[in-house]
Amino acid sequence: MKITVNGTQHDIDVEPDMPLLWVLRDELGITGPKYGCGIAQCGACTVHINGEAVKSCQVAAEDIDGEVVTIEGLGTPDAMHAVQSAWVEHQVAQCGYCQSGQMMTAAAFVLETPAPTDDEIDEAMSSNLCRCGTYPRIRAAVKTAAKNLSEA
Amino acid sequence: MGKLKTIARRSFIIGSAAIVGGVAFGVYRYKTPYANPLLNDLSEGEAALTAYVKIDASGITLITPRADSGQGAYSVQAILIAEELDVELDQINVDPGMPDKAYYNTALGADGAPFAPTDDSFAANTTRTVMDSLMKFMGMQITGGSTTVPDSYEKLRAAGAVARETLKMAAAEKTGIAVSDLTTKAGKVITPDGTEIRYEDLAAIAATLKPVEDVTLRDPSTWRILGKQHQRFDTVAKSTGTQAYGIDFRREGMVHAMVRTNPRRGGEMISFDDTEAKAMRGVQKVLPITGGIAVVADNTWRAIQAANAVEIEWGTAPYPAEMDGHWQALSDSFNEDQQDSRQRDDGDVVAAMDGADVIEAEYRAPYLAHAPLEPISAVVEVSEGRVDVWTGTQIPRFVQTNVSKLTGVDFDDVHVHVLMMGGSFGHRLEDRVVKEAAEIAMQMPGVPVKLTYSREEDMAHNDTRQIAMARGRGTVKNGQVETMDLGIAMPSVVASQMGRQGLSLPGPDMQIVAGAWEQPLSIPNYRITGYRAPELAPISSWRSVGASTNGFFHDVFLDELIHAAGADQMEERLRLCWHVPSRKVLEKIAKMSNWGAPLAPNKGRGVGFCMSFGVAVAEVVEVTNTDDGIKLDKVWVAAEVGKVVDPNMFENMVQGGVNWALGHAIMSEITYSDGMTEQENFDTFESLRMYQSPNIEVAGLENGDHVRGMGEPMVPPAAAALSNAIFAATGQRIREMPMNKFIDFV
């Protein structure tokens, strides 16, 4: 079957029920999306499909119904997305393992909610776990990203 | 600065060595100012130089041997070297290097000595010195115990200074200008006429010179980098998904493995049926390993699916199958035969309680998983006479030793490549995953084998935080705390952990009473007794170790006594505290939180204090008792660390650690049933989420004489402050974690 990831089309030969997460990581070598739980509890595997944030561990290969964007497709070190710039500005990451997923959730959220309140941020971001507990900085970075995007 | 002035000559011998195209500077022997017979036996290998600064034509590389599990250790170590080397942080590369015993951790030994960190007596310091040497002899290149900063603080600056002065000597030789007329800046030696010579261009000459040994470390008032806020080396990579972790590591021709061993930890495998697994797509082999099986496949997911399809009959657990048995073992341990330590015994607690109204309470703390978000993994490749290991570990030297023993390959031919870790919290002080990967790789010579644990396997085989119980008895008199007698029972974490490395622990395990016995309080009758419970389920160091449970026990019981005395919680703690830097921490937290100001209805505040790892930390938690349960409003934290190396990293670390502590105190536990953990993943092992995270205000104080690490000490007081706040808001005293068994949280 064919899937498009970050603008590139790939031919993949996998079981229909192989989760997108493992297609990305082990078949295509795209390792920005992380494995943390496999049961949609941690959000470290979050990617966009047709612009919507989804947990890639829960999407079977046969159900991929649109263009996939991973953290690598959101922006690069030389050309960062507003969310990534905000993550750098606030130096959010400690171990950083959850942050790809956090940023993918945030990137979809700030497009829908250009001027989010704390409560809205908390609700949107609470499906992503951070074991290091960087939540105060994630909250601040989401606000900065939303502000910078809406002023852009 | 008298102490620092001669430090390079007195305590460190710093050498240089020629490397291909350049020079390496490093510490290659540790000496103490005390005569110490242990140091007479240094072998040749132990005197070998290991580099902290490598300079060649391609650039300047700082070697940062303490592992980075997210705490920013690489950046902190680089800041210390760069301050004296006169390089900018954007000019250098950072490399964790290969493990070597020259990187042994001296500060960790100091913390294992039976002296309170506030004890600066000769006896205490001498013992710490002996412990330091023991650490070196055991070759313990360990990242743990919040020791990265204390261990590195002078050593790495000295290494930077020696390299700088030797490079100036090289420039003098090259130009004929006297060293005293040369200056350094931004990776260059500068001559009086302004000519700049890059360090890289001096490396070859420097390699031929005897390095300068007598350097003076700079006065803190001149620091350019140390103490200032910087961008961490890994911030951009971790903000763009380009940071590679252990789990992302790949080698050409690599296969993927998943193991299953008895979820009744330490029990045997009776039989297995791999018929179905072997027929699954991508499965190459099902192999025996110690205590279980491994499935080797061409993809991580296929390996996990197939391993789960193996039908296995497991034997029973060597510890009680149900939690009742674990708690009973602890409860039965409060007796003289199992007394492990009584290092605090002031006044006469027995006489004081005779005939008095005695306040009594019992406390409990559960097993907890470390559960860093990155499941553990290791890649091992066994080839002819050589083994390579790629993994995120805090104990690379143990890994090297164990893989050497297992494979029969010479120690020096085992190459451990330490990779970035997606969290640890103590989890990667264990190396089971590497040993299992090595067992598989031995059966597939020449093939790189990557073993990745599923979350379920990781949680089932997590060597957890200790289970612990405490019993307090005390009295109050004339509005003051008069007697505090606290007994703590737990199995020995150190014995369990060291036992898995084939080492035994002589004497008492001070972790059984850590965070309690060494508190700087002058209660007239004050006794802290540790009781060693029998070994139960495997346990290991979990962020702040003994203090993670004992800080809660000690400070909630103190809160109960102060309440009974009718005194103000802050004022009475201040009255009891004799240690000046700790008093300043309490004074600071009172000021930050505006302690004593009137609160809105249904709100309550609690203070918690704990000195652990030598760091005095006070926290105030404010909660609201809402219709939906307890809501965390705000936390204030003040900590005495001697020196904040980077205020930005410090704040992030402290906020995260407070969230860590509060989240586990509220909702997390590992329980055993039928000998197996009942929690398999983050749906049942719950973890703090953003909507539960309070605002956290942090202050780092620099009043003390000792520089301390801040990876753990924010953890112990947090649960106590929360319990004390809930009591203030509701009148309900919570003496057991997780607290959501007793009260609802929003």
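**Domains, confidence and contacts**

Analyst: This is a predicted model, and the domain assignment divides chain B into domain 1 (2–239), domain 2 (249–316 + 376–452) and domain 3 (333–368 + 464–741).

User: How far apart are the C-alpha centres of domain 2 and domain 3 of chain B?

Analyst: The C-alpha centres of those two domains of chain B are 37 Å apart, and where the domains meet, 10 residues of domain 2 are in contact with 11 residues of domain 3.

User: And what classes of residue are on the domain 2 side of that?

Analyst: On the side of domain 2 of chain B that touches domain 3 there are 4 nonpolar, 3 polar and 3 charged residues.

User: Switching to the whole chain, how many helices and strands does chain B have?

Analyst: Chain B has 22 helices and 28 strands, and of its 746 residues 58% count as buried. Taking the contacts in chain B between residues at least 6 apart in sequence, 79% of them join residues that are at least 24 apart.

User: Which residues touch the most other members of the largest nonpolar core?

Analyst: That core has 258 residues, and those touching the most other members are B:Ala257, B:Val295, B:Val380, B:Ala437, B:Ile488, B:Val637 and B:Ala639.

User: OK, confidence now. Where in chain B does pLDDT stay under 50?

Analyst: It stays under 50 over residues 101–114 of chain B, for which the model has 53 contacts beyond four places in sequence, and also over residues 125–140, with 39 such contacts. Chain B as a whole averages a pLDDT of 88, with 86% of the residues scoring at least 70, while the predictor gives the complex an ipTM of 0.98 and a pTM of 0.91.

User: Last topic, how many residues does each chain put into the contact between chain A and chain B?

Analyst: Chain A contributes 48 residues and chain B contributes 51. On the chain A side, the elements that give two or more residues include helix 1 (20–27), helix 4 (99–112) and helix 6 (135–151), and helix 6 of chain A gives the most, with 5 residues.

User: Which classes are those chain A residues?

Analyst: The side of chain A that touches chain B has 23 nonpolar, 17 polar and 8 charged residues.

Notes:
Residues are numbered from 1 along each chain as its sequence is written. Chains are lettered from A and ligands numbered from 1 in the order in which they are written. This is a predicted model: local features need pLDDT of at least 70, side-chain atom pairs count only at pLDDT 80 or more; totals for chains, interfaces and linings use all residues. Helices (H or I, at least four residues) and strands (E, at least two) are DSSP runs, numbered from the N terminus. A residue is buried if 20 or more other C-beta atoms lie within 10 Å of its own, exposed if 12 or fewer, and partly exposed in between; C-beta atoms are placed from the backbone. Two residues are in contact if their C-beta atoms, placed from the backbone, lie within 7 Å. pLDDT is the predictor's confidence in each residue, from 0 to 100. A nonpolar core is a set of buried Ala, Val, Leu, Ile, Met, Phe, Trp, Tyr and Cys residues joined through C-beta atoms within 7 Å. Domain bounds come from an automatic or database domain assignment. Ala, Val, Leu, Ile, Met, Phe, Trp, Tyr, Cys and Pro count as nonpolar, Asp, Glu, Lys and Arg as charged, and the others, Gly among them, as polar.
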